[in-house]
Amino acid sequence: MFDDFFIRALVAGIGIAFVTGPLGCFVVWRRLSYFGDTLAHSALLGVTIAYTLEFNIAVSIFITSSIIALILVKLEKKTNLPGDALLGLLAHSSLAVGLVAIGFLTFIRFDIMGLLFGDILAVTTDDLLTIWIGGALILLVLKLIWKPLFASTVNYELAEAEGLNPDRAKAIFTILIAGIIAISIKMVGLLLITGMLIIPTAMARNLSDNPQKMVIFSIIGGLLSVFIGLFSSLEFNTPSGPSIVAAALVLFIFSLFKIKQTIQLKN
Amino acid sequence: MSTENNILVKLNGVGLKQNEKWLVKGVSLKVEKGKIVTLIGPNGSGKSTTAKIALGIYKNIEGQVEKFTNNIGYVPQKISIDWTLPLRVKDFMLLTDNLKDDALDEALTLTGVKHLKDKNLGNLSGGEFQRVLLARAISKKPELLVLDEPVQGVDFTGEIALYELIKKISEKLNCGILLISHDLHTVMTATDHVVCLNGHVCCSGSPKDVARNNEYKALFGEQASQTLSVYEHKHDHEHSNDGEIKKN
């Protein structure tokens, strides 16, 4: 059944959408979209390391992104630069270093476009395993830290005062973001992973009045984007990442009409 | 009654320094089961800071905090909910604890906002939100309640009712309460122990003792103490403008 590349891509995309839905909500709630972007940019460095050392790509990206996240935390404490400047610094320098490193690896032929924007032809059966096992792990851990993470997202001091240990939850959540980037890079591409995290969630925000609903709509939005994106990618021979993200954008635009309705009702 | 076993939280000479400036210094106090301890003092005197130190929110403090319970309810002074997070009153009530629906209803009924249960948090008025905050803190039947100006923005009759409720809760649950308040009149009638702060502990004791204290008068004016006291005694230090202590 998994012989067909398109079926593989579809199964991979479904797995990714289930994880980006809930994670994306926290990324939006905690205002971490540029943070996610920075980790995604550093993934290229992870890819080159994986090729150089002949190592598993997903694991390599996961480790690289986690290290970049750690460096960011250290820099925030040690310098007087604002957070967004540090994010830009790390995002672009790690992307640049990754591209330079690729230049040196002349013995390997890289599909740079595939890395940046995703490639459905590249999804192997092994990748499916990585996505579904990795994805299940991410969701399991997210469920375990849900309470403290959510409480501290609403109000850090309340969570800390009532003994929920929000700092630990935050650190674990950072690792989970590195995880989703690692498993979805082949499919969505490193420049567009944050789009997959944020746009279905933004759509869900327009449709929901409580957090549970927002998570569910976010997953549904991600699934629809994957379906529509992949079919049009096949039909029009466009790269998979941009097709999925563009589909998510269309869904977001539709969701704006719902807001307009509610606002009119209120007035 | 006042044995060591009844102590819920004990601060031992705690202080916090931020940007080379002491926010509070050398504060010692304890909260016991069934007792209400009130912190009073002018703006910037370190009341909220002291409460947060007691709660363990600040990490790099001077002195020791001994906590003997983990079942704590907290009403912070300021809380802003982001519009990006859609949150109903009932979602907010379950924030730190998994409560049964009737425990939740009970608390909301006590603070008079049960009808708002399905409302979005962003649509509440200041007073309504304050009542929800208080309901959330008491719904888990805590052993220690820390209330940082819990009735701010609540209408006058509601204010009195809520203070009565706080008193009732402390008796019913036998929980200790650390209260921060600006409403001196209510404080003086409902409190077991008053701590008057101004960067350090100016004076402390029963409401009557504190009302008689000269430092208290200097901080809050003659009127504030007149209802309860005519007694005066000499005090051993004064404050300069920046809050530092000047010895006489």
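User: Where is Ser42(A) placed in chain A?

Analyst: Ser42(A) sits in helix H2 (residues 33–53) of chain A; helices (H or I, at least four residues) and strands (E, at least two) are DSSP runs numbered from the N terminus. The model is predicted: local features need pLDDT of at least 70, side-chain atom pairs count only at pLDDT 80 or more, and totals for chains, interfaces and linings use all residues. Residues are numbered from 1 along each chain as its sequence is written, and chains are lettered from A and ligands numbered from 1 in the order in which they are written.

User: Why is Ser42(A) called buried?

Analyst: A residue is buried if 20 or more other C-beta atoms, placed from the backbone, lie within 10 Å of its own, exposed if 12 or fewer, and partly exposed in between. Ser42(A) has 28 other C-beta atoms within 10 Å, and is therefore buried.

User: Which residues does Ser42(A) touch, not counting residues up to four places away in sequence?

Analyst: Ser42(A) is in contact with Thr64(A), Ser65(A), Ile68(A), Leu90(A) and Ser94(A); a contact requires C-beta atoms, placed from the backbone, within 7 Å.

User: What describes the packing of helix H3 (residues 57–78) of chain A and helix H4 (residues 83–104) of chain A?

Analyst: Two packed helices are described by the angle between their axes and the distance between the axes. The axes of H3(A) and H4(A) come within 10 Å and cross at roughly 145 degrees. Axes are lines fitted to C-alpha atoms, for helices over the stretch in contact, and angles run from 0 to 180 degrees between N-to-C directions.

User: Which residues make this contact, and how do they divide by class?

Analyst: H3(A) contributes Ile68(A), Ile71(A), Leu72(A), Leu75(A) and Glu76(A), and H4(A) contributes Gly83(A), Leu86(A), Leu90(A) and Ser94(A). They divide into six nonpolar, two polar and one charged. Ala, Val, Leu, Ile, Met, Phe, Trp, Tyr, Cys and Pro count as nonpolar, Asp, Glu, Lys and Arg as charged, and the others, Gly among them, as polar.

User: What puts the buried residues of H5(B) on the same side or on opposite sides?

Analyst: The buried residues of H5(B) are Leu162(B), Tyr163(B), Leu165(B), Ile166(B), Ile169(B) and Ser170(B). They cover an arc of only 155 degrees around the axis, and therefore lie on the same side of H5(B); the arc is that of the directions from the helix axis to the C-beta atoms. On the other side of H5(B), the exposed residues are Phe156(B), Thr157(B), Glu164(B), Lys168(B), Glu171(B) and Lys172(B).

User: What covers the buried residues of H5(B)?

Analyst: The cover includes strand E3 (36–40), helix H3 (101–110), helix H4 (126–139), strand E6 (144–148), strand E7 (176–180) and helix H6 (184–190) of chain B.

User: Why is Asn174(B) called exposed?

Analyst: Asn174(B) has 12 other C-beta atoms within 10 Å, which meets the limit for an exposed residue. Asn174(B) lies in the loop between H5 and E7 of chain B, and its phi is near 50 degrees, a positive value in a residue other than glycine.

User: What makes helix H9 (residues 193–207) of chain A mostly covered?

Analyst: Of the 15 residues of H9(A), 13 are buried.

Key
Two residues are in contact if their C-beta atoms, placed from the backbone, lie within 7 Å.
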